[in-house]
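Biologist: Can you take me through this one? I'd like the overall layout, then some details.

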Amino acid sequence: MKILHYPIIAFLLLLATGCKKEQKTTDKTASTVENSVTYANGLEIYKYNGFSIVKVTNPWPDAEESYTYVMQQKGGAVPDSLKKYMVLEVPLQSVVVTSTTHIPSLEMLGVENTLVGFAHTDYVSSEKTRKRIDEGFVKDVGVNESINTEIMIDLAPDAIVGFSISSNNKSMNTLEKSGLKVLYNGDWTEQNPLGKAEWIKFFGALYGMDDKADELFKQIEKDYLEAKEIAKQATDRPTVLGGAIYQDHWYLPQGDSWAALFLKDANADYLWKDSKGTGSLSLSLETVLDKAQDAEYWIGPSHFTSLQEMTDSNPHYGQFRAFKEQKVYSFSSKKGPTGGVIYYELSANRPDLVLKDLIKILHPGLLTDHKLEFFEQLK
């Protein structure tokens, strides 16, 4: 989960030392080989003998900046023309990450033991990483907007993988000025479910494990596309409502968002599928009630974990057909031992499991052997 995130994440389903910031231009060196990234819009990786080039082209929404990092393998030589960029020797021996979405990539690659710090460790749900936190191997370094610089300097990680919602991230800027190497990760800006998952290749490059990252992603891609084909076998497309009320406004996913694309691939009729944008809509209760009162399913009702909680918050929730028929499904009830929502941590890396969950919910006759990984039916 991102410590800072858009309402879409909360309501459905839902950053200079050596670091070269540049305007978005074509890198002539990178253009001589093929980009190994297929789905992600904000990531490019070019592999050469002895090194690779990683370009983060969309570190935050509507970014005008892009970042180039050079991963130097042991014994590899980096051309002089690339030494103006941040150069890291790989594999990394130690790392600090700042989003729980980074944790599964480290674990899938088998390099979780290199993690020495994390921003707000209570958010972490993974059993492996929680054990390392509890044993004192992973330090809490604060929160993304206010990283503890003294702790970070003491840890002296090979790299810090951060994120930012804009070019003005004082915390990350301070770390860079302190001589630490900060890399921006833009996985959270991706809308394509497979594009978000493909950022495991970013971490593969950091550890010289490009081939393993490619293999892991190809399996996720295969499973996702196979599930998508299975969903097409459904004879009906149930109508779906999303989101909930926050401060007198009903927030739900826009039609081009990550969450809405999952519903499309699950062969569902999301009632706001035609709305434009990748964030969230802010609507009145009356508008939502008028359009979705008879929706068959309600997916991702914010933070609620029971039907009683919902009507205690707003009795009008009880007017919806999906509520009356108890076809309300939430990911918020499945949490780690310190309260971190498992969905926020794992869903970006495993869109295949998210899609299978949705197919199981919306088309009960399909994927009969699948057990829900993230969602639960509210009682």
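Modeller: The chain is assigned two domains, domain 1 (93-220) and domain 2 (233-377); the bounds come from an automatic or database domain assignment. This is a predicted model, where local features need pLDDT of at least 70 and side-chain atom pairs count only at pLDDT 80 or more, while totals for chains, interfaces and linings use all residues. Residues are numbered from 1 along each chain as its sequence is written, and side-chain values use heavy atoms, with hydrogens and water left out.

Biologist: What separates the centres of domain 1 and domain 2?

Modeller: Taken over C-alpha atoms, the centres are 28 Å apart. The contact between them takes 21 residues from domain 1 and 21 residues from domain 2, with contact meaning heavy atoms within 4.5 Å.

Biologist: And how many residues are in the largest nonpolar core?

Modeller: That core has 109 residues. A nonpolar core here is a set of buried Ala, Val, Leu, Ile, Met, Phe, Trp, Tyr and Cys residues joined through side-chain atoms within 4.5 Å. Buried means under 20% relative accessible area, exposed over 50%, and partly exposed in between, with a 1.4 Å probe and protein chains only. The residues with the most contacts inside the core are Tyr69, Phe202, Trp250, Trp272, Trp298, Phe320 and Phe375.

Biologist: Which helix gives the most to this core?

Modeller: Helix α14 (residues 351-362), with 7 residues. Helices (H or I, at least four residues) and strands (E, at least two) are DSSP runs, numbered from the N terminus.

Biologist: Why does the core lie between the two domains?

Modeller: Domain 1 and domain 2 both give residues to this core, so it lies between them. In general, nonpolar side chains tend to be buried together in soluble globular proteins.

Biologist: What is phenylalanine 320 in contact with?

Modeller: Leaving aside neighbours within four places in sequence, Phe320 contacts Leu241, Trp250, Leu285, Val288, Leu289, Ala292, Gln293 and Trp298. There is also a second, separate core of 8 residues, which includes Tyr46, Tyr48, Leu82 and Tyr85.

Biologist: Now valine 70. Where is its place?

Modeller: Val70 is in strand β4 (residues 65-73). Val70 is buried, at 0% relative accessible area. Not counting residues up to four places away in sequence, Val70 touches Phe51, Ser52, Val78, Leu82, Tyr85, Met86, Val87 and Leu88.

Biologist: Pockets next. How much space lies in the second largest pocket?

Modeller: About 200 Å³. On a 1 Å grid over the protein atoms alone, a pocket is an open set of points with protein on both sides within 12 Å along at least five of seven lines, whereas a cavity is a set of points where a 1.4 Å probe fits but cannot get out; lining residues have an atom within 4 Å of a point. Grid points are joined across faces, edges and corners, and a volume is the space filled by probe spheres set on the points.

Biologist: Which elements give two or more residues to the lining of that second largest pocket?

Modeller: They are α2 (103-109), α3 (127-134) and α13 (342-346). The largest share, 4 residues, comes from α2. Among the lining residues are Ile103, Glu107, Lys128, Glu345 and Arg350.

Biologist: What volume has the largest cavity?

Modeller: About 50 Å³. Its lining has 5 nonpolar, 5 polar and 2 charged residues, including His102, Asp187, Lys196 and Trp199. Helices α6 (193-197) and α7 (200-206) each supply at least two residues of the lining.

Biologist: Backbone check. Which residues does a cis peptide bond join?

Modeller: Val90 and Pro91, with omega about 10 degrees. Pro91 lies in the loop between β5 (86-90) and β6 (95-97).

Biologist: And what is phi of histidine 120?

Modeller: Near 65 degrees, a positive value in a residue other than glycine. His120 sits in the loop between β7 (115-118) and α3 and is partly exposed at 25%. Phi of Gln326 is also positive, near 55 degrees. Gln326 is in the loop between α12 (321-324) and β19 (328-330), and is partly exposed at 38% relative accessibility. Most residues other than glycine have a negative phi, and most peptide bonds are trans.

Notes: Nonpolar A, V, L, I, M, F, W, Y, C, P; charged D, E, K, R; others polar.
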